[in-house]
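Take a moment to look over the chain from one end to the other before reading on. The paragraphs below move from open spaces to charged pairs and then to rings.

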Amino acid sequence: MAMEHVPSAAEMLGWIETVVAQGVRRPGYPADAWTERWLAERLAEFGLEVTLEPVEVRRWQPGTGLLRLDDGTSWTGMPLPHTAPTGGLRGRIARPADARPGDIVVDEVTFSELPQSYVKTLATSAYDPEGVFDTLVQTIPFGPRMMEVVEPALAAGAAGFVGALTGLPWETRDYYVPYDAVERPIPALWLSGTDARRLLARLPCEGELIAESATDTVITHNVVATLPGGSPHTVIVASHHDAPWASAVEDASGLALVLATARHWARVPAGERPHNLTFLLTSGHMAHAAGTRAFIDRHRPELAGVVLELHLEHAALRCEAVDGALVPTAEPEVRWWFTTRAPQLEELVAATLEAEDLRRSFVLPPDVFSPMPPTDGAFFHPEGVPLVHFLSAPMYLFDSADTIDKVDVAGLEPLARAAVRIVAGTAGWTPADLRAAASG
């Protein structure tokens with residue numbers, strides 16, 4: 001298969017660096033609005049027809065975060081997204097086991113460890129030529145409650161919440177979770193592991209929680225670009241353009257992969273494209289996938305004609321914690337390929353992983369971890385759209401530590417070529433073919 005139109009890793013890294021340099025790309029932030037325009041300009045330059053489709057999101061902007069004890073000790077923290085603001089909540093501060101209704105509850109958070117030997121039992125197939133999956137354990141960027149970190153404190157009648165990041169392998173308070181845009185009715189603050197341990201040694205005690213923020217409703221945009229192809233059906237290739245921070249992996253790397261795939265197919269004659277192609281870069285992933293949901297709502301009548309929805313997220317390096325800091329290794333983070341249970345599609349993905357030597361990859365059912373895959377494109381799954389969703393989940397995914405050095409640069413070209421191969425591999429397929437295979 002000709003791959004001469006796939007951009008080099010250096011060019012894709014340049015796109016990532018350009019986006020990251022704009023700053024924090026939370027939904028509705030200036031850097032994200034800039035990225036929307038920049039993406040539209042690049043896609044138009046490639047020769048695609050581009051539309052900006054409006055998406056309403058709740059924009060959250062944090063201010064001061066501080067916990068001040070009556071003995072004069074204080075620590076700076078980060079307000080939790082979309083929790084209630086306060087200029088000063090005074091009260092008793094206690095661990096959950098000692099807390100009373102109306103207290104400020106301090107709860108420790110530890111990230112979960114996921115043995116790949118277990119994931120292997122869930123996978124349709126794996127590409128692991130190194131044989132690391134029998135011993136490799138991955139630290140994922142969530143604790144056992146996932147995004148429901150505040151809920152136990154709420155259920156216990158707490159007036160405030162302090163998340164103690166004592167169980168993280170590195171030192172941080174910049175944990176952008178939860179990102180479901182649910183407005184929780186108590187103020188809350190993340191404290192770094194070191195500060196939290198000092199606080200825990202003083203509990204119970206009296207003090208004041210300050211967690212300032214502002215929330216409003218703004219209009220953002222999905223970037224939608226199209227190319228005509230050789231069938232009446234459509235393949236969608238997508239990622240999201242917003243992020244919790246300036247975020248190189250999440251998801252400047254994903255949008256670079258979508259741009260690379262778009263540029264390749266723009267240079268292929270229309271009659272040689274397997275189907276019509278839509279390239280979708282969504283807004284509001286950090287607001288419960290608002291852009292994906294808006295696209296589906298706007299285009300639902302067209303979904304029956306979609307052969308495949310291919311989502312590309314997170315070309316990430318695995319990191320190790322050294323002296324409280326994250327140090328990238330030379331190895332990719334475990335790659336998950338959530339793939340609709342249609343045999344011809346699973347076989348295509350498995351063959352692609354081997355052809356591009358995308359090691360440390362699992363092909364997984366879309367609902368293996370939850371009713372929908374843990375991706376920005378998850379909401380296509382209950383619509384019955386056949387999908388392949390690439391995603392890795394490094395422990396730093398929602399942290400300001402997601403910087404350029406964490407990008408799997410060596411993986412960019414193979415991942416882009418894999419996207420091209422998967423799109424090309426759908427030639428001659430119809431939506432009915434895959435839906436019938438999946439239901440059978």
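How many nonpolar, polar and charged residues does the lining of the second largest pocket have? By class, that lining has five nonpolar, three polar and three charged residues, where Ala, Val, Leu, Ile, Met, Phe, Trp, Tyr, Cys and Pro count as nonpolar, Asp, Glu, Lys and Arg as charged, and the others, Gly among them, as polar. Before going further, note that this is a predicted model, in which local features need pLDDT of at least 70 and side-chain atom pairs count only at pLDDT 80 or more, while totals for chains, interfaces and linings use all residues. Residues are numbered from 1 along each chain as its sequence is written, and side-chain values use heavy atoms, with hydrogens and water left out.

The second largest pocket has a volume of about 150 Å³, and among the residues that line it are Thr340, Arg341, Asp367, His381 and Arg435. A pocket is found on a 1 Å grid over the protein atoms alone, as an open set of points with protein on both sides within 12 Å along at least five of seven lines, whereas a cavity is a set of points where a 1.4 Å probe fits but cannot get out; lining residues have an atom within 4 Å of a point. Grid points are joined across faces, edges and corners, and a volume is the space filled by probe spheres set on the points. The largest pocket holds about 890 Å³ of space, and of the 36 residues that line it, Phe142, Met146, Tyr179, Ser370 and Pro374 lie nearest its centre. Its lining is made up of 22 nonpolar, eight polar and six charged residues.

By the cavity rule, the count comes to one cavity of 30 Å³ or more, and the volume of the largest cavity is about 30 Å³. Around it stand Arg26, Pro27, Arg58, Arg59, Trp60, His82, Tyr176 and Met286, which divide into four nonpolar, one polar and three charged.

Charged residues can also be followed through their partners. Side chains of opposite charge can pair when their charged atoms come close. A salt bridge is counted when a side-chain nitrogen of Lys or Arg is within 4 Å of a carboxyl oxygen of Asp or Glu, and a search of the whole structure finds 29 salt bridges. In one of them, Arg42 is joined to Glu45, with the closest N and O atoms 2.7 Å apart. Because Arg42 and Glu45 are three residues apart in helix H2 (residues 30–46), about one helical turn separates them; helices (H or I, at least four residues) and strands (E, at least two) are DSSP runs, numbered from the N terminus. Arg42 is buried, with a relative accessible area of 14%, whereas Glu45 is exposed, at 54%; buried means under 20% relative accessible area, exposed over 50%, and partly exposed in between (1.4 Å probe, protein chains only).

Other salt bridges reach across the sequence. Arg298 and Glu53 form one in which the closest N and O atoms are 3.4 Å apart. Arg298 lies in helix H7 (residues 290–299) and Glu53 in strand S1 (residues 49–69), so the pair ties together parts that are 245 residues apart in sequence. Glu53 counts as buried at 9% relative accessibility, while Arg298 is partly exposed at 38%. Glu208 forms a salt bridge with Arg68, the closest N and O atoms being 2.8 Å apart, and this pair links strand S11 (residues 205–227) with strand S1 across 140 residues. Glu208 is buried at 16% relative accessibility, and Arg68 is partly exposed at 34%. Elsewhere, a network of salt bridges links Glu130, Glu331, Arg359 and Arg360.

The structure holds 15 aromatic pairs, in which rings of Phe, Tyr and Trp (its six-membered ring) have centres within 6.5 Å, and planes under 30 degrees apart count as stacked, over 60 as edge-to-face and the rest as tilted. Phe111 and Tyr175 form a tilted pair, 5.3 Å centre to centre with 55 degrees between the planes. Phe111 is buried at 4% relative accessibility, and Tyr175 is buried at 2%. Ring pairs link Phe111, Phe161, Trp170, Tyr175 and Trp190 into a cluster.
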